[in-house]
Amino acid sequence: MSLDRQAPDTIQAEIKGEVINPGVYTLKYGATIQDLIQAAGGETQIADLSPFAQMESLENGQVIVVGKTELDGSSPLISINTATEEQLMTLPGVGPAMAKRIIEYRTTQPFQTLEQLMEVKGIGEKKFAALQEFICL
């Protein structure tokens with residue numbers, strides 16, 4: 001089935017990569033890349049939107065891939081066993097409350113594996129996946 005057979009007042013576009021909810025979205029005709037990013041729940045904290053003209057209109061069937069910001073190699077990994085609250089808050093999606101929960105967890109039992117971080121309230125598989133490349137024990 002072709003995407004061309006939709007109502008003429010809507011389009012479908014797909015967004016992948018560093019957005020909260022990647023997927024296919026049906027938007028009003030004339031929708032922009034910015035509209036698609038918003039429909040997908042917004043970008044992650046490590047998203048690189050610089051390649052896009054966000055006010056550019058989308059075409060039916062268009063696919064947008066949002067990449068990650070380039071790390072300069074000088075950013076060391078954050079230790080989930082020893083980092084301060086401030087250091088933990090530099091991680092994508094970690095605010096003051098989450099940083100405190102990580103610290104509270106490790107005071108009773110140090111992390112033995114990175115995956116153990118998912119035992120902290122509010123850190124599920126998706127959040128862990130976003131954090132994994134920035135953390136160490």
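Helices (H or I, at least four residues) and strands (E, at least two) are DSSP runs, numbered from the N terminus. The model looked at here is a predicted one, so local features need pLDDT of at least 70 and side-chain atom pairs count only at pLDDT 80 or more, while totals for chains, interfaces and linings use all residues. Residues are numbered from 1 along each chain as its sequence is written, and side-chain values use heavy atoms, with hydrogens and water left out.

Going from the N terminus, the chain reads β-β-α-β-β-β-α-α-α-β, which comes to four helices and six strands. The chain is more spread out than a compact globule, because its radius of gyration is 19 Å, well over the 14 Å that the globule rule gives for 137 residues. That radius is taken over C-alpha atoms, and the rule is 2.2 Å times the number of residues to the power 0.38. Along the principal axes, the C-alpha trace spans about 60 × 30 × 25 Å.

How much of the chain is tucked away? Of its 137 residues, 34% count as buried; buried means under 20% relative accessible area, exposed over 50%, and partly exposed in between (1.4 Å probe, protein chains only). As for contacts (heavy atoms within 4.5 Å), 43% of those between residues at least 6 apart in sequence join residues at least 24 apart.

Now for a closer look at a few residues. Q87 sits in helix α2 and is partly exposed, with a relative accessible area of 39%. Leaving aside residues up to four places away in sequence, Q87 touches I78 and T82. A polar atom of the Q87 side chain also lies 2.8 Å from the backbone nitrogen of T84. This is a polar contact, meaning a pair of N or O atoms within 3.5 Å; within protein, one must be able to donate a hydrogen and the other to accept it, and residues adjacent in sequence count only if both atoms are side-chain atoms. The backbone oxygen of Q87 is in turn reached by the side chain of T90, at 2.6 Å.

T90 itself belongs to the loop between α2 (85–88) and α3 (96–108), and its 58% relative accessibility makes it exposed. Its C-alpha atom is 8.8 Å from that of I78, twelve residues away along the chain.

S79 lies in strand β5 (residues 78–79) and, at 12% relative accessibility, counts as buried. Not counting residues up to four places away in sequence, S79 touches R106, C136 and L137.
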